[in-house]
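Reader: I am new to this structure. Please take one part of it and walk me through that part closely.

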Amino acid sequence: MDWYGLSRRRAGTSPRSALLALSLSTWLCIPVLRAQTDDAAQRIARDEIPNIERTVGLRFRRPPAIAVRSREQVRQYLNRKLATEYPPAELEAAQRTYRAFRLVSDTLDLRRMMLDLYSEQVAGFYDPDSSMLFVVRGADPAMLRVILAHELVHALQDQYTRLNAILKLQRQNDRQMAGQAVMEGQAMVASLSAMAPGGQAPDFSQAWGAIREGIRQQQSAMPVFAAAPRILQEGLLFPYIAGGEFIQGFDQRRLHADEMPYNERLPVSTEQILHASKYTTHETPARVIIARPPADTLVYDDDFGEFDTRVALETWGLSEGDAVTAASGWNGDRYLVLGSRSGTALVWAMAFDTPADAQEFERALRRGWESANQGRAGAAGRKWQVDALDVGGVKVVRLVDAPLAWAGWRKVPGVTVRR
């Protein structure tokens, strides 16, 4: 598992993005057998560097730094990172947000979930802060070669585009996720191509189902991941699989070997990752702004993006097909989680491409949110409503869920859309 993909600036961390992406070794399921040393890792890396340079289309400007650590050393390192990157107040706000959206149980301990996931999955990671590539001691040489190939791609990327610039975006979950998908997708495609006979990576457009099935079959080996809520599971897989599909499409379209989707060419939304035409036509989402009631405190604000919206609908009981259809007209969103004297209030607004898209989503959201609230403790003291709005000619759907005594019900927060 990569430290790139889980390191976030504490002021801008999104709840979903706070969890690291799965390592390639997770679904390869290669057993851990033999000890390794720094020298052995360096030798394998030297052998793989020419293959990585060939498959990516870039040359290393300087040799990557590589170190081997024990699993206990890695756990201690991750524990320190968590304490630094995610102080208690930030984690509490993220946890409260998940709960407000009915995406996790009210008993989820987010910090424990994160640390246990890191410890269960970690096999190697690239740390942009130190420009170091780490692998866990004890890996079989075949496994070590796979891990190093993947992490070498991240080290190479970091020499041409600042990975931390993506990670340190503030309150831009969707944009972070899109950037991460490029980097993890390229690392997947390039490392598998470098190691595959004939240099051909698998077709990622067909990979979602196979990987999900593989994970179901390996649940006994990954009990923490298997027990994680859907929003975390799907979010962890997305950068690798959807990102791999995006990179394969980009590689087919590019005119030069060193042409990269970096910097100003980086996708700005998961919509652009999921729909190639949105990327090639440079379609950017609208900026949705929700007026905050002055009497309330802001617990958390961010956006979901098309992909997390899709997963949320599935979590609330919609079929995968219905969720994909309902979220596909997404054109920007924003949510506020508010603290008030009467309790937590949630306001979520989403803009759509067409009136038909908005109508489709409104129906899906009503059905999903009603299902999510059935039998929920404390529901009797709350109310919710879904509204269809026309904001300057843009169709918007707004969800409000708050205690009955919430002062904001007297004047529901307004929405502004900027294009």
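Author: Among contacts in the protein between residues at least 6 apart in sequence, 75% join residues at least 24 apart. This is a predicted model. The protein has 419 residues, and 58% of them count as buried. The chain forms 16 helices and ten strands.

Now to the sheet. Five strands make up an open sheet, and the pairing is antiparallel. Read across, the order is β5-β6-β7-β9-β8. Strands of a sheet pair through backbone hydrogen bonds, either parallel or antiparallel. Which strands sit at the edges? They are β5, residues 297-302, and β8, residues 382-391. Each of these two pairs on one side only. From one strand to the next, the twist averages 15°.

A helix lies against this sheet. Helix α4, residues 88-100, packs on the sheet and touches β5, β6 and β7. The direction of α4 makes about 75° with that of β5.

Next, take the strands pair by pair. Strand β6 covers residues 330-340, and strand β7 covers residues 343-352. The two run antiparallel, joined by nine bridges. Within this pairing, W330 stands opposite F352 in β7.

Then move to β8 and its partner. Strand β9 spans residues 394-403. How many bridges join β8 to β9? There are ten, and these strands run antiparallel. Here Q385 stands opposite V400 in β9. Between β8 and β9 lie two residues, and the two strands form a hairpin. In the turn, G392 has a positive phi of about 60°.

Two packed helices are described by the angle between their axes and the distance between the axes. Helix α8, residues 173-195, packs with helix α14, residues 305-315. Their angle is about 105°, and their axes are 8 Å apart. Angles of 65 to 115 degrees count as roughly perpendicular, so α8 and α14 are roughly perpendicular to each other. From α8, the contact uses N173, D174 and M177. From α14, it uses G305, E306, F307 and D308. By type, the residues of this contact divide into two nonpolar, two polar and three charged.

Definitions and conventions: Residues numbered from 1 in each chain as written. Predicted model: local features only at pLDDT ≥ 70, side-chain atom pairs only at ≥ 80, totals over all residues. Heavy atoms only, no water. Axes fitted to C-alpha atoms, helices over the stretch in contact; angles between N-to-C directions. Helix = DSSP H or I, 4+ residues; strand = E, 2+ residues; numbered from the N terminus. Parallel < 35°, antiparallel > 145°, perpendicular 65-115°, else oblique. Contact = heavy atoms within 4.5 Å. Nonpolar A, V, L, I, M, F, W, Y, C, P; charged D, E, K, R; others polar. Buried < 20%, exposed > 50% of the residue type's maximum accessible area, 1.4 Å probe, protein only. Pairing = 2+ DSSP bridges.
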